[in-house]
Amino acid sequence: MTFDRPGKQNTSAVLETALKTARSRKIPCIVLPATMGESALALSRMDCSGLHVVCVTHVTGFRTPGEPSTPPEACRALREAGFSVVTATHLLSGAERCLSGWFGGVYPVEIMAHTLRMLGQGVKVALEVACMAVDAGEAPWMTPILSLGGTGRGLDTAVVLRASHGASILDSCLDEILCKPRLG
């Protein structure tokens, strides 16, 4: 499925596609970003029985030093819904963003992130949050999972992938793009 444009207007279709695919293919784990928590909360209102759902938030300090980016009440609601919540350093920026800002230039992880964006911001996010979930012990290593991503707010991408740890991210395999927006 290809959406005409990126953005949160695609969230419902992405969630429905993810749940349908998880059930039909017996994929037990869904990973998704939870910037403000709205998409994850929408998923929590759907039938996720039998699925392990992992919500990956922005790192603390993403917008304001020392402050959580995802509202704490959203994280509480997600945990109460039975979802796991992971907050960790962004795998495809983190320390390299600091170095490129201080010293100028481009660093390998930033090149990887920009290359993934050629397929869409959501594809980059889906791989990143999946590997972060594996690093946190919340998603299985190198086992098919559904991972979701988006451009800005909401969701516009769903992929089936096998994620590795951040230290071996190049071992990860993007098996299938289920839906994404057209680019450009």
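Helix α6 (residues 121-135) is mostly covered, with 13 of its 15 residues buried, that is, under 20% relative accessible area with a 1.4 Å probe and protein chains only. From first to last C-alpha, α6 reaches 21 Å, close to the 21 Å expected at 1.5 Å a residue; the expected span is 1.5 Å times one less than the number of residues. Just after α6, Gly137 takes a positive phi of about 75°. Helices (H or I, at least four residues) and strands (E, at least two) are DSSP runs, numbered from the N terminus.

The model is predicted: local features need pLDDT of at least 70, side-chain atom pairs count only at pLDDT 80 or more, and totals for chains, interfaces and linings use all residues. Residues are numbered from 1 along each chain as its sequence is written, and side-chain values use heavy atoms, with hydrogens and water left out.

**Strand pairing**

Strand β5 (residues 144-149) is largely enclosed by the rest of the structure, because five of its six residues are buried. The pairings below rest on DSSP finding at least two bridges between two strands.

| Strands | Sense | Bridges |
|---|---|---|
| β2 (residues 29-33) and β5 | parallel | two bridges |
| β5 and β6 | antiparallel | six bridges |
| β6 (residues 157-162) and β7 | antiparallel | five bridges |
| β1 (residues 2-3) and β7 (residues 173-181) | parallel | two bridges |

Individual residues mark these pairings. Val31 stands opposite Ser147 in β5, and Gly149 stands opposite Thr157 in β6. Leu161 faces Leu174 in β7, while Phe3 has Pro181 of β7 as its bridge partner.

**The largest pocket**

The largest pocket holds about 530 Å³ of space. A pocket here is an open set of points on a 1 Å grid over the protein atoms alone, where a 1.4 Å probe fits, with protein on both sides within 12 Å along at least five of seven lines; lining residues have an atom within 4 Å of a point. Grid points are joined across faces, edges and corners, and the volume is the space filled by probe spheres set on the points.

Of the 30 lining residues, Pro33, Thr35, His58, Val125 and Gly152 are the closest to the pocket centre. The elements giving two or more residues to the lining are α2 (38-44), β3 (52-57) and α6. The largest share, six residues, comes from α6.

By class, the lining has 10 nonpolar, 12 polar and eight charged residues. Nonpolar covers Ala, Val, Leu, Ile, Met, Phe, Trp, Tyr, Cys and Pro, charged covers Asp, Glu, Lys and Arg, and the others, Gly among them, count as polar.

Conventions
Buried < 20%, exposed > 50% of the residue type's maximum accessible area, 1.4 Å probe, protein only.
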